[in-house]
Amino acid sequence: MSSHKEAPEISNDPAADNTDVYAFVSPDKPDTVTLIANFNPFEDPAGGPNFSEFADDVLYEIHIDNDGDGLPEISYQFRFTTVNTIPSTFLYNVGTIESIDSKNWNRRQFATVTRTDAKTGAGTVLGRDLACPPCNIGPLSTPNYAALAQQAIHALPGGRTVFTGQRAEGFYIDIGAIFDLGDLRPLQNLHVGSSMPAAPGVNGPKAKNVHSIALQVPKTDLTSGGRNPTDPTAARSTVGVYATASRQRSRIYDTDGTTTNSGPWVQVSRLGNPLFNEVINPISQKDLFNSQAPAGDKQFAGNVAKPQLAQLLPVLYPGAFPNLAALNASGKPRADLEAILLTGIPAGIVPGFQNNTGTVQADMLRLNLAVPPTMRNPSNLGLIGMDAAGFPNGRRVFDDVTTIELRAIAGATYALVDKTFTPDKAVGAITQGLTSSNTDVTADNTVHYLPCFPYLGTPHGGYYNPGDNTPAPDLGATPLGGPATGAGGSQHRTDSVKVIGGTALATAAALAGATALKHHVRFAADADAGAGNAADNDHSPVAP
């Protein structure tokens, strides 16, 4: 799977576990780029009474490398503050949540977004006190979740847009099979240890949710000098993208049940290319990888040059991969994988395409900003499906990255660097069995994606908790509006459904508005104070 619980330490820290990163030219607004970083793997929709959320003590960041050194020139930082507006109840909400400022909603989160420039050292707060939506609980608590989510799309200065909140898990993979000794269900009749017939894939993360940080920005926000790339062959048209989560070095557990965090920020999770730490790195290096900047990835390059899974495929599927077995035996390094994962693909390898960032080996998504989005019949196989707008040119939400990378590891891309090599016939049969064709951008057993920001689908509701992964009930409604409609809170309305629990909770709910207002005032004051001294303010942006 992409990066869900991929390392021993981060497996115990889901709020900081970066599961997937996406970067693509927005199909409905092609002068912008959409960046998405997901956290909280395997979120169960029925997760009450304490539903999944972002952590107040984690620094979340999306980084942009626009000069090829494996270090970020631009970073977008996200900090969260959580408030209980009705502290006298154990409930997440005491009645129907009809708007994101509902007096019935108890546990709320607010985001601060900051853009930092490494060259100038400047940090600019783009938005503060931006309300996140609640989790999708069920028909009594969140009857029109799509409308709630729309209220949490916030317009930011400079033509930017942000959404931070729960989404349906968009990454699809037959995780139950692939980690059962490398079983590929559609090919399992060929597996050395299997007596089972070939079968369709089963989507492991079905009916799961994640917490997403989605940011849409103009292309000029990402490039050196604010250029707008138009030439796909130009070296400066490509940027590197990766995300991280950091915690402060020290935590003290107090006897009253609270914790106190202090010290410098330490990176505990990071993700660029899907499956890199999951499948390429050995377990002994996974925690180390999560702590490092991409600029130091030369230390992991040997794992890419000779991936263990490529050695295992001919053993697990006897006779199916003779050419791959011969390549393994030759000892030649996998220059194709090194290019795809560590440097980007140079010009001249794939006709008319390149996303190379130079010689520094660094695990990042590499997005050529001058390649336009594919509007008709995009291929979920991205570049190997003859669609240059897809992975490994960035990553779109529907790209079948597991199939793409499995085929590449099996030798599909080695012929690009060695014309004498012929991929085995079995390579083309490798699939997770979750899509009906290369142009299937919904994926069998997967929720349908949205056609506009934030692109990942409406999260599954806890009441329904659909075992068959039926899309959430309101996905058939009008999809979320385009970025220009996301003023965040412009469509709030008064709750019409009575609160539950009698007079005590009704009174508490009535007071919730005043409590929330006090929070808004305090939060804004804290952020203003922190603008001049970020290191001393827990609510202000802090660079690790």
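Trainee: As I have it, a salt bridge is a side-chain nitrogen of Lys or Arg within 4 Å of a carboxyl oxygen of Asp or Glu. Which residue does R334 form a salt bridge with?

Mentor: R334 pairs with D336, and their closest N and O atoms are 2.9 Å apart. Before we go on: this is a predicted model, where local features need pLDDT of at least 70 and side-chain atom pairs count only at pLDDT 80 or more, while totals for chains, interfaces and linings use all residues. Residues are numbered from 1 along each chain as its sequence is written, and side-chain values use heavy atoms, with hydrogens and water left out.

Trainee: Got it. Are R334 and D336 buried or exposed?

Mentor: Both R334 and D336 are buried. Buried means under 20% relative accessible area, exposed means over 50%, and partly exposed is in between, using a 1.4 Å probe and protein chains only.

Trainee: How many salt bridges are there in the whole structure?

Mentor: The search finds 14. One of them joins D20 to R395, with the closest N and O atoms 2.9 Å apart. That pair links distant parts of the chain, 375 residues apart: D20 is in strand β1, and R395 is in the loop between β12 (365–368) and α9 (401–409). Both D20 and R395 are buried. Helices (H or I, at least four residues) and strands (E, at least two) are DSSP runs, numbered from the N terminus.

Trainee: And what does R247 meet?

Mentor: R247 meets D57 in a salt bridge, at 2.9 Å from N to O. Here too distant parts of the chain are linked, with R247 in strand β10 (residues 238–253), D57 in the loop between β2 and β3 (58–65), and 190 residues separating them. R247 is buried, with a relative accessible area of 17%, and D57 is buried with a relative accessible area of 17% as well.

Trainee: Which residues are linked in a network of salt bridges?

Mentor: D13, D57, R247 and R251. As a general point, side chains of opposite charge can pair when their charged atoms come close.

Trainee: Back to β1. Where does β1 stand in its sheet?

Mentor: The sheet is an open one of five strands in the order β1-β2-β9-β8-β7, with antiparallel pairing. β1 (18–25) and β7 (154–156) are at the edges with a single partner strand each, so one side of each has no neighbour in the sheet. Two strands pair if DSSP finds at least two bridges between them.

Trainee: How many bridges join β1 to β2?

Mentor: Seven, and the two strands run antiparallel, with β2 covering residues 32–43. A hairpin of six residues connects β1 to β2, and A23 stands opposite L35 in β2.

Trainee: How many residues of β1 are buried?

Mentor: Eight of the eight, so β1 is largely enclosed by the rest of the structure.

Trainee: New topic: where does K332 lie?

Mentor: K332 is in the loop between α7 (322–330) and α8 (335–343). With 42% relative accessibility, K332 counts as partly exposed.

Trainee: What does K332 touch?

Mentor: Leaving out residues up to four places away in sequence, K332 touches A305, L327, Y414 and D418. Contact means heavy atoms within 4.5 Å.

Trainee: Last one: how many helices and strands does the protein chain have?

Mentor: The protein chain has 10 helices and 12 strands. Of its 544 residues, 56% count as buried. Among contacts with a separation of 6 or more, residues 24 or more positions apart account for 67%.
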